[in-house]
Amino acid sequence: MSNGFNFPGKKSTWNGFERFDFELEGIPCIIVKPQKVNSGNPWVWRARFFDAFPNLDIAMLQQGWFLVHIDIADLYGSQEAMRRFDLFYQFLIQEYNFAAKTVLEGFSRGGLAVFNWACRNPEKVLCIYADNPVCDFKSWPGGLGAGPGSASDWKKCLKAYGLTEEQARTYDKNPVDNVDILFQNNIPVVIVYGDADEVVPVAENTLLMLESNSKIKAICKTGCLHHPHCLEDPSPIVEFIINS
């Protein structure tokens, strides 16, 4: 175990911070290091779409927090995504003495991964920031509700879970089904969402989470669609994380 932060891989610069790209078991990973690391080596874990709408990520780096990412594309929060999360978590804890609890950040389909992993590993989660999150794969990519879904992603999702469509229709381990676990383990959650989201219908995702767990903090962007994610001024999210 080291706290000298001699990270592996290719070194580059990302928004003024040192970035390291490397692989674990052939899986692409990213670590971005703050200019001055806070005591305890705190970190934010971006589940999907690294570099997209990075306002919060940059703000947390400025606060002295690491930013990390492991590739879970086309896995939709499935068992393989959870295995990759477990692998990356152990690597960061054992090799670099990162904080035992992480901040999970899930944009859109990244919501499936962060909520699923948090429900399996509540003791490893400081808090969750979700943004227009997918909380039920039947809604997206399945398109079995009010939204259009995504036929190509639905095929990949079924394959990732090893389910037929008939089995997927009765699957009961999506985040909307497990939200009580977050409540029981006192995991702070903030969800930022556009109430006009045309891709991930809020009534089938975010609103179900809010109805099931009154402790979830909600920041509604009135009239906003699925994009853009985050807030122009991410300070309310930064404050939520720091106070968690």
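Which residue is the bridge partner of Trp-43 in S5? I looked it up, and the partner is Phe-66.

Some housekeeping before I go on. This is a predicted model, where local features need pLDDT of at least 70, side-chain atom pairs count only at pLDDT 80 or more, and totals for chains, interfaces and linings use all residues. I number residues from 1 along each chain as its sequence is written, and side-chain values use heavy atoms, with hydrogens and water left out.

Entry one: the neighbours of S5. I found that S4 (residues 43-46) pairs with S5 in the parallel sense over 3 bridges; strands pair if DSSP finds at least two bridges between them. From S4 the chain passes through helix H1 (residues 55-62) to S5, a right-handed β-α-β crossover (clockwise from the first strand over the helix to the second, with the strands pointing away from the viewer). Helices (H or I, at least four residues) and strands (E, at least two) are DSSP runs, numbered from the N terminus. S3 (residues 27-33) pairs with S5 in the antiparallel sense over 4 bridges, and there I see Val-32 opposite Leu-67.

Entry two: is S5 enclosed or open? S5 (residues 66-70) is largely enclosed by the rest of the structure, because 5 of its 5 residues are buried (under 20% relative accessible area; exposed is over 50%, partly exposed in between; 1.4 Å probe, protein chains only). Phe-66, Val-68 and Ile-70 point one way, Leu-67 and His-69 the other.

Ala-196 counts as partly exposed, at 30% relative accessibility.
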